[in-house]
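Work through the exercises below with the sequence and the coordinates at hand. Each task is followed by a solution in steps.

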Amino acid sequence: MKEAGCYDENTNGVVVMVEAHSQKEHIQQVVYRILDANLDRAREGLRIIEEWCRFGLNSAQLVGECKKERQELASWHTAELRAARNTPDDPGTDLTHPQEEQRTDVKSLLQANFCRVQEALRVLEEYGKLYNPNMGKAFKQMRYRIYTLESRLMGYHRQQLLLRSHLYLVTSPSDRLLDTVEAALKGGLTLVQYRDKLADDTKRLEQAKKLRQLCSTYGAIFIINDRVDLALAVDADGVHLGQQDLPVAVARQLLGPHRLIGRSTTNLQEMQAAIADGADYIGVGPVYETPTKEGKAAAGLEYVSYAAKNCHIPWFAIGGIDTSNINDVIDAGANRVAVVRSLIQAEQPTLVTQFFISQLTNRVRPEHGKPYI
Ligand SMILES: Cc1ncc(COP(=O)(O)OP(=O)(O)O)c(N)n1
Ligand SMILES: Cc1ncsc1CCOP(=O)(O)O
Ligand SMILES: [Mg+2]
């Protein structure tokens, strides 16, 4: 095929115009193919996300939103765009990235698909301008909606997992920290807090990154003790704040609406304030005096019973809880506990985790005759 605009002694005006016309048509077909491929990509990615909203999260609201976006994508997918499809000549159909072959957990699968949808929408936004002036605008707006959907879905996912978490490991420095946490995760642990009151920030950042990765691999929630900045730096799921730490409202401003914020409480006033301030969960304790929090008076089992009757957000009894007294804490009304030494110092963290979780989820509440879930 001759290139339009090249000198040719036989050239006359008609040939140049015909060639320019066919060049334009060729470009138009290429644009159509790009739009066709990316409309498909975006819909496929959304479908994968939608399936999780439906079967994993049981959220009719989120399913509805995914569906609406897919329908809008479908409305742009006209017959002329579909007709431009040329799969056998498409060099991109065989290309897969090694990471596509090895997703380790649902969270990274969802993130990868959100990324895929965003990329496709960006392409649709840019090339769409060449097809229909409204297309660029429509896909820009959709891209922002998908950003919001991603952060809401991740927030929803965290909240759901928090509700299903009955055991909370709060770490303390240990030479085998990662091995211990991994062993507990293997036993079914779904909630981990990184707490190190002594290390410098270089060490904290390094440890927090490793724990973040480990928790993602096992699909567990990862929380940082005290430090909102560190939580943001390692993309943690949230932060745990005591009464001497930042106020919940300030942390919420910094972390946004979809990360978790936990608050320590030792009495009913602190409990009520934490709930009013919008904490996602609270610590209730110390139930017993503990060397992990030296000098802090025990709040006792009475406070656990008070929480059982009055606290309507997830709460974790904490402080001096071990395999020998867990049943007293459960009898006082707890169905969630947080522990440091019982797991960090355990010889067999997997077994201890399994024991705690089985006690917390299988025991029957004497007064209700129902399992603690
Ligand atoms: C789940 C949980 N509950 C309570 C605490 C204690 O937090 P705080 O009072 O801020 O004390 P430090 O942990 O910072 O020493 C907690 N960390 N986790
Ligand atoms: C951090 C914290 N906050 C209240 S008690 C406590 C420490 C609990 O540690 P342990 O489980 O080793 O008694
Ligand atoms: Mg603190």
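Predicted model: local features only at pLDDT ≥ 70, side-chain atom pairs only at ≥ 80, totals over all residues.

**Exercise 1. The whole chain**

State how many helices and strands the protein has, and what share of its residues count as buried.

Solution. Step 1: the secondary structure consists of 15 helices and 8 strands. Step 2: the protein has 373 residues, of which 44% count as buried. Step 3: among contacts with a separation of 6 or more, 61% come from residues 24 or more positions apart.

**Exercise 2. Helices α7 and α8**

Determine how the axes of α7 and α8 are oriented to each other, and which residues make the contact.

Solution. Step 1: α7 covers residues 177–186 and α8 residues 201–217; their axes come within 11 Å and cross at roughly 20 degrees. Step 2: angles under 35 degrees count as roughly parallel, so α7 is roughly parallel to α8. Step 3: the crossing is right-handed. Step 4: α7 contributes Leu177, Leu178, Val181, Glu182 and Leu185, and α8 contributes Gln207, Lys210, Leu211, Leu214 and Cys215. Step 5: sorted by class, this contact of α7 with α8 has 7 nonpolar, 1 polar and 2 charged residues.

**Exercise 3. Helices α11 and α12, and Met271**

Describe the crossing of α11 and α12, then say whether Met271 is buried or exposed.

Solution. Step 1: the axes of α11 (residues 268–277) and α12 (residues 300–310) come within 11 Å, crossing at roughly 35 degrees. Step 2: this crossing is right-handed. Step 3: the contact involves Leu268, Met271 and Gln272 of α11 with Tyr303, Tyr306 and Ala307 of α12. Step 4: its residues are 5 nonpolar, 1 polar and no charged. Step 5: Met271, in helix α11, has a relative accessible area of 1%; buried means under 20%, so Met271 is buried. Step 6: leaving aside neighbours within four places in sequence, Met271 is in contact with Thr265, Ile282, Tyr303, Tyr306, Ala307 and Cys311. Step 7: Gly283 is 12 residues from Met271 in sequence, and their C-alpha atoms are 8.9 Å apart.

**Exercise 4. The magnesium ion**

Identify the protein donors of the magnesium ion (ligand 3) and locate them in the chain.

Solution. Step 2: Asp226 sits in the loop between β3 (221–225) and α9 (228–233), and Asp245 in the loop between β4 (238–241) and α10 (248–255); the two are 19 residues apart. Step 3: Asp226 has a relative accessible area of 22% and is partly exposed. Step 4: Asp245, at 25%, also counts as partly exposed.

**Exercise 5. Backbone angles**

Solution. Step 2: the bond joining Gly285 and Pro286 is cis, with omega about 0 degrees. Step 3: Pro286 lies in the loop between β6 (281–284) and α12. Step 4: Asn58 has a positive phi, near 55 degrees. Step 5: Asn58 belongs to the loop between α1 (13–56) and α2 (60–76), and it is exposed, with a relative accessible area of 63%.

Note on methods: Residues numbered from 1 in each chain as written. Chains lettered and ligands numbered in written order. Heavy atoms only, no water. Axes fitted to C-alpha atoms, helices over the stretch in contact; angles between N-to-C directions. Helix = DSSP H or I, 4+ residues; strand = E, 2+ residues; numbered from the N terminus. Parallel < 35°, antiparallel > 145°, perpendicular 65-115°, else oblique. Left-handed = near helix turned anticlockwise from the far one by under 90°. Contact = heavy atoms within 4.5 Å. Nonpolar A, V, L, I, M, F, W, Y, C, P; charged D, E, K, R; others polar. Donors = N, O, S within 2.8 Å, 3.2 Å for Na, K, Ca; no water. Buried < 20%, exposed > 50% of the residue type's maximum accessible area, 1.4 Å probe, protein only.
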